[in-house]
Every structure is written in structure tokens, then in C-alpha cells.
Number of protein chains: 2
Amino acid sequence: MNVAMIDDRIVDANQLDSSYLDRGLYFGDGVYEVLRSYNGKIFALDDHLARFTDSLAGVEIDGVDMNQIRSRVLKAFDTAKIPNAKIYFHVTRGSGPRDHNPAVNMNPNFFLTISEIGDYSKSKINGYTVSTYPDLRWKKCWIKSLNLLPNVLAKMDAAKKGCDEAILVDENGLITEGSSSAFFACVGRTIQTAPTSANILPSITRKYTMKAAHNLGLAFIEKSLTPEQAKNADELFLGVTTKDIIPVVKFDNLAIGSAAPGPITRKLISEFEKFTK
Amino acid sequence: MNVAMIDDRIVDANQLDSSYLDRGLYFGDGVYEVLRSYNGKIFALDDHLARFTDSLAGVEIDGVDMNQIRSRVLKAFDTAKIPNAKIYFHVTRGSGPRDHNPAVNMNPNFFLTISEIGDYSKSKINGYTVSTYPDLRWKKCWIKSLNLLPNVLAKMDAAKKGCDEAILVDENGLITEGSSSAFFACVGRTIQTAPTSANILPSITRKYTMKAAHNLGLAFIEKSLTPEQAKNADELFLGVTTKDIIPVVKFDNLAIGSAAPGPITRKLISEFEKFTK
């Protein structure tokens, strides 16, 4: 008899809910997106769907109808009636007996959750503290996949140090991005962040931050920073879908600027806000 | 209202089965083992439990009682009554709303399946064909984690080429291991495989293969091979828990030796068999 066991409970393997046979669980064989709404309006849906399409192609999950994904997101959002919502969804390659080599013609699984975004106004006022951690991730971080264990370990390390976010440093000693954020420095009137060729996720918040910087007449350069350069920057900040721009006030325990959100960061936050209206 | 959606079905997020909130699914935040039995006897259980303990420590999942894990494996095996069984189990950090930073005092989830190992005698007689693929994995492959997407992509590539296994080649041009196997070459009376320092899983089949080689008076060296060296070896073979030693007869479409299992590999298979009785 094919047996399964969930904690101490033995069950017939043929009676398992398909969620227990999801390749997302066995292999992290799936890709995801996180979106948000501002006051009842989903932000940058097209950008997120475009990136999701790229991620699906990157892991060769075929047969996903993007119009259907869009409809599902909109339907769930309409049902939830949460003005400032966090929308998470993933698609996995499908469910079946565990085998690295997927069966032919699997049906991808779609899963979505919507919840309210908590009040993060204090994060904008007080800023985040961050600490560095080695970038242990795989070589295709442009794919937003469910293989996030290195990100989790980085975030846990930051939490242990009393920090809000981990900043990943690769084997060349260069900062790639945060464990769940994009990372930016500001020197004078220039914003600097890693190029998308640096094994990072093409952050959508990054794209709109570039646009905001342009609107403010700031220079924007795509060049990786070392932790040393970050420490000496005038200002640092993060880009996160759910909170857009968050100032960084401490980097590896060292105060950045006056250990408070800097003037350029505050201007960028205001400029970004215009996109969300 | 917090909403979830499973394919086209909208559900109350509070009513979801905990399997949908498993960190194993969201992040691959868990570790696993695969064991097998030969004729009603589990092989190398202690080795697998020791490696599992290391994996748990590597990802800092605390509070797992290894005696309880052992009891569960034995209980499920007794229930299944499958003489030649494949036993898969994993532990994830727990279930909860998606957040990279885990909640304190999460309860780890245990999941296990037992199924019959199919007849693989033809694989031993005919051997496997293999093809190379870039090693895209993270930097801690000694942890047997649920982040297996690069392995899946490698295996899919091999299948597309009509091959049975993908052999991973790192950025230094060196073979690490197979997508779900250890990789060995044989030149004269010397067996060669990558050292465990080469970002590979400490394979238990590898350990017993070393023992078998020793019993047969063969030399064993731990040194990474290039694909070129592999192609020029007298024999190649794989180590896989569920099938122990499998001869490799083609490497990137090139016949190895006489394109049939070699004499040393066949001797190792017989010697390994003694351990399983």
C-alpha cells in the first residue's frame, strides 16, 4: 500500500489533497508575484504580469493563459474589497508523484492570497536598519521563483541582529540587492543601484524609482556598490513592492547620514506617491 | 475579507488547509531525505538521519526530535509493507502567513511518502545516457533542501536530449554531480569523484561506493573532473539512493568505453549488493 504520513498521522497516499503533491512544495518548481493596491487601485499590474510571463518562460512552465491570470487577480481583488491590499500569487508546474522530471501535460496550479497591508508609516519616518549577508542564491535571480531559502536565511540573520532587512553581498564583494527588496544609494544628486545584469530581480519598484529620479532631475547610475561605498553614501534606501521606497538609516550598525531619512529619499517618496494615485 | 484563490475557486483565507500555508511551498523552506529498503530492510537509516540532522542545522530549523523522525519512518514502513520501498520525507519550518522572516515558535511540518521502487534492472544492464548542463545552484548544496528548481531544469534539459540524467558543470568548468545523483569516473583501477568541498551533497551512496571500492582494492580519489576528462574515462557511473550504482554508457552523446557497463562498474555493483543484504 502506498502510504503517506502527515506529522503522526498515516494516510492513504491516494487520498492526499493535491496540495501535498504540488511540485511547488517538493522542488520549489514555480514562480510568483507580489502586487499591491493603493486606495482601491492595483499598482503596475501590467508590469507584474509581464515579469511573471518572463519568469514562467524562464522555468519553462507552459500553457498558462495570462488573460486568465489577470482575470483571477481582478476577481479576487474585487471580492476582497481591501483598498490597500497585498496580492500574492504563484503558479507551480503542477501536482503529481515526486519526480524531478515532470510528467508530460501537467496542469499548472494557481494559488493567490489577498490581505491588508499593515500600517508602515513608521518605517517611512524612522527608516530601516540593514545588515549584510552573503548572497548564496542561484544564478538566475531574474526569475522570481519559489526557491527562496537563501533569502529566508538572510532575513533570519538580519532579524537576529535586530535589523529589518538583509543586504546581499556576492562573491565579488558587491551588493546585489536586499533579501526581499532592491537596494539604492544616493551620493549628492546621483542615485546608484546594481545593474540588472548583476543577478538580481528586475524590480518594478526600481523601474518607478528611476522614473521618479528622472522627474526630480536626479542622475541615475546602474553600477554595483561595495558595502564600503554604501556606508559612505549620503543616503540609502530600499525598494519594496508593498511599501515602495523605505529609507535606510543604519547599515551594518553604522549610521547613514544623520541616521534619519535623507532629503533626496523623502523627495523620491513624494514623487513615487504621484504614480500611485 | 482575506481572500485566497485556488485555480478559479475563491475561498476564505482563514479556511485554507495548512498545507497551502506551508513555508515549504512559499520558500522551499525545508529539508528532505530519500531512503530505500532492500527486501524489507531499510538501507543506511542512520546515515540518512545523520545527514538530515545536518540539513536541519544548516537551515536552522530547531525543535525536531530525531527519535520521533526515526519512529515515524519505521511506523510508516511497517504499515506500507513494501519490501523494496522508496521512502521520501521532508520537514518544513512550519505553516503561516507568507513572510520571509518566520514567526517565532513555529511548529515544523513533517511529511512522508512510501512507494514501491519500480524495476530498474534494465538500467543496470543497459546503463544511462547523460548530458551536461550548467550548475546553476546555490552555494550550500551540502544542505538537502527543497530548493530544487535548478535540478529540475537540468533534468528537463536532459530529458529533452533523450538522456536519463543531467551532469552539472560549474563555472570553473568542473563537474560537480548529477541533478539527482553522484557522479563517478573510472580510469584503470582508480575511481574518481568530486570532493565534498566542491558544493555537492555528501551522498550516502558515494560513501558506500568508496567502501566497495576499498573492498575491491581499487584506488579512490576525490578530485573534480572536467567533461573532457569524463569523456576519456574508461567507465562512468552514477550513485543514486534508490538504485545504488548505475553505469553510464553515453556522455554528451559520446560512447564511454564500449558503450556498455564496464567491468569495474559491474564489480562495484556486486560488491555494493553485499551491503544491502
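**Entry 1. The interface between the chains**

I began with the boundary between the two chains and found 73 residues of chain B in contact with 73 residues of chain A, where contact means heavy atoms within 4.5 Å. The model is a predicted one, in which local features need pLDDT of at least 70 and side-chain atom pairs count only at pLDDT 80 or more, while totals for chains, interfaces and linings use all residues. Residues are numbered from 1 along each chain as its sequence is written, chains are lettered from A and ligands numbered from 1 in the order in which they are written, and side-chain values use heavy atoms, with hydrogens and water left out.

I then looked up the area buried between chain B and chain A, which is about 6300 Å², with carbon and sulfur atoms giving 59% of it. Buried area is the accessible area (1.4 Å probe) that two parts lose on being put together, summed over both.

I counted 6 salt bridges between chain B and chain A; a salt bridge is a side-chain nitrogen of Lys or Arg within 4 Å of a carboxyl oxygen of Asp or Glu. B:Lys139 forms a salt bridge with A:Glu171, and their closest N and O atoms are 3.9 Å apart. Between chain B and chain A there are also 28 residue pairs in polar contact, both residues being at pLDDT 80 or more. A polar contact is a pair of N or O atoms within 3.5 Å; within protein, one must be able to donate a hydrogen and the other to accept it, and residues adjacent in sequence count only if both atoms are side-chain atoms.

Next I asked which elements of chain B give two or more residues to the side that touches chain A. Among them are strand 1 (3-6), helix 3 (66-80), strand 6 (109-116) and helix 5 (149-160) of chain B. Helix 5 of chain B gives the most, with 9 residues. Helices (H or I, at least four residues) and strands (E, at least two) are DSSP runs, numbered from the N terminus. The residues of this side of chain B divide into 34 nonpolar, 19 polar and 20 charged.

I traced an open sheet of 6 strands in the order 4(A)-3(A)-5(A)-6(A)-1(B)-2(B), with antiparallel pairing. Its edge strands are strand 4 of chain A and strand 2 (9-12) of chain B, each pairing on one side only. Two strands pair if DSSP finds at least two bridges between them.

Strand 6 (residues 109-116) of chain A is joined to strand 1 of chain B by 4 bridges, and the two run antiparallel. Here A:Thr113 stands opposite B:Ala4.

Within chain A, strand 3 and strand 5 (residues 85-92) pair in the antiparallel sense over 7 bridges, and A:Val31 stands opposite A:Val91. Strand 3 of chain A is also joined to strand 4 (residues 41-42) of chain A by 2 bridges, with A:Tyr38 opposite A:Lys41. Strands 3 and 4 of chain A form a hairpin with 2 residues between them, and A:Asn39 in the turn has a positive phi of about 50°.

Is strand 3 of chain A enclosed or open? I found 9 of the 9 residues of strand 3 (residues 30-38) buried, so the strand is largely enclosed by the rest of the structure. Buried means under 20% relative accessible area, exposed over 50%, and partly exposed in between (1.4 Å probe, protein chains only). In a regular strand the side chains alternate between the two faces of the sheet. Both faces of strand 3 of chain A are covered, with A:Tyr32 and A:Arg36 among the buried residues on one side and A:Glu33 and A:Leu35 among those on the other.

**Entry 2. Charged pairs**

I noted 34 salt bridges over all chains. B:Asp29 and B:Arg23 meet in one of them (2.8 Å, N to O), and both residues are buried. In chain A, A:Arg23, A:Asp29 and A:Arg93 are linked in a network of salt bridges.

The side chains of B:Asp47 and B:Lys207 also meet in a salt bridge (2.6 Å, N to O). B:Asp47 is buried, with a relative accessible area of 17%, and B:Lys207 is partly exposed, at 42%.

**Entry 3. B:Arg51**

I ended at B:Arg51 in helix 2 of chain B, which is buried with a relative accessible area of 6%. A polar atom of the B:Arg51 side chain lies 3.0 Å from the backbone oxygen of B:Pro202. Leaving aside neighbours within four places in sequence, B:Arg51 is in contact with residues including B:Glu33, B:Lys144 and B:Ile204.

Note on methods:
Nonpolar A, V, L, I, M, F, W, Y, C, P; charged D, E, K, R; others polar.
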